[in-house]
Amino acid sequence: MTEEEIIRPENLVYKKPTLLNDTPMHYCPGCSHGVVHKLVAEVIEEMGMENKTVAISPVGCAVFAYNYIDVDWVEAAHGRAPAVASAIKRLWPDRLVFTYQGDGDLACIGTAESIHALNRGEHIAIIFINNAIYGMTGGQMAPTTLLGMKTATTPYGRDPRLNGYPYKIAEMMAHLDGATFITRQSVHTPANVRKCKKAIRKAFENSMAGKGFSLVEVVSTCNSGWKLSPVASNEWLEQNMLPFYPLGDIKDVK
């Protein structure tokens, strides 16, 4: 088979999104971030918003997201991405504005900014990566850490009497009147990858339609923080994370 035959459209199974740069990713092997980055890049490209997207990346494992997805990025202080996104969207309402945040960033350090920006119904989208741990800074307990889960700061497992209970941020945000679309997805199987991409597309479209805020929570793996192999991390996610963080749409205002 010639090279021309291999790359004919009917033979094309997959191609790299044009918005993904050639920068080698710093994420650990098996990390969910790379898959979500690919989906975000594909959706922006398919929507034709390459030159009208502003993304906000705060502190955390995704702090260098601007190295990988070729759109305009703004760096925010830890947890403050929704506040920055609110200002940008109000100044440039024709822009696609979204934040890309982890659970420690959005659900702990930035709780106030998240709640108040979303309660105002800002027309932004949030990609929320929930791997139940502080992955970048040493594997400490996060607000989303499961009961009994061992971390650097809960070596005997999370105890609700000492550490409180895991925080279901998506369910809480769904009660806010400014919410138009709240969903929880994952990328641990091909079928779930497709569902997650569809959810990201819907969140971005709602943002552009001025319907209020959308939040796409992605239940993710952190094989380094969990001390598991990539394959074992996916299995652990399915057996432990998904029963507590069930997948599916939580709020969808038509």
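Helices here are DSSP runs of H or I with at least four residues, numbered from the N terminus. The model shown in these close-ups is predicted.

**Close-up 1. Ser 233 in helix α10.** Ser 233 sits in helix α10, which spans residues 230-244. Its relative accessibility is 0%, so Ser 233 counts as buried. Leaving aside residues up to four places away in sequence, Ser 233 touches Thr 221, Asn 223, Trp 226 and Leu 228.

**Close-up 2. Helix α2 crossing helix α8.** Helix α2 covers residues 33-47, and helix α8 covers residues 190-208. Their axes come within 9 Å. The crossing angle is roughly 50 degrees, and α2 and α8 are therefore oblique to each other. The crossing of α2 past α8 is right-handed.

**Close-up 3. Residues at the contact of α2 with α8.** On the α2 side, the contact residues are Val 35, Val 36, Leu 39, Val 40, Glu 42, Val 43, Ile 44, Glu 46 and Met 47. On the α8 side, they are Val 193, Cys 196, Lys 197, Ile 200, Arg 201, Phe 204, Glu 205 and Met 208. Sorted by class, this contact of α2 with α8 has twelve nonpolar residues and five charged ones. No polar residues take part.

**Close-up 4. His 33 and its neighbours.** His 33 belongs to helix α2. It has a relative accessibility of 5%, so His 33 counts as buried. With residues up to four places away in sequence left out, His 33 touches Tyr 27, Cys 61, Ala 62, Tyr 100 and Ile 129.

**Close-up 5. Cys 31 and Cys 61.** The structure holds zero disulfides. For Cys 31, the closest cysteine sulfur is in Cys 61. The two sulfurs are 6.3 Å apart, which is too far for a bond, because a disulfide needs sulfur atoms within 2.5 Å. Cys 31 has 17% relative accessibility and so counts as buried.

Close-up 6. How far is Cys 196 from the nearest cysteine sulfur? That sulfur belongs to Cys 31 and is 13 Å away. Cys 196 is in no disulfide. The relative accessible area of Cys 196 is 0%, so this residue is buried. Cys 196 is also one of the α8 residues that meet α2.

Technical notes
Residues are numbered from 1 along each chain as its sequence is written. This is a predicted model: local features need pLDDT of at least 70, side-chain atom pairs count only at pLDDT 80 or more; totals for chains, interfaces and linings use all residues. Side-chain values use heavy atoms; hydrogens and water are left out. Axes are lines fitted to C-alpha atoms, for helices over the stretch in contact, and angles run from 0 to 180 degrees between N-to-C directions. Helices (H or I, at least four residues) and strands (E, at least two) are DSSP runs, numbered from the N terminus. Angles under 35 degrees count as roughly parallel, over 145 as roughly antiparallel, 65 to 115 as roughly perpendicular and the rest as oblique. A crossing is left-handed if the near helix is turned anticlockwise from the far one by less than a right angle, and right-handed if clockwise. Contact means heavy atoms within 4.5 Å. Ala, Val, Leu, Ile, Met, Phe, Trp, Tyr, Cys and Pro count as nonpolar, Asp, Glu, Lys and Arg as charged, and the others, Gly among them, as polar. Buried means under 20% relative accessible area, exposed over 50%, partly exposed in between (1.4 Å probe, protein chains only).
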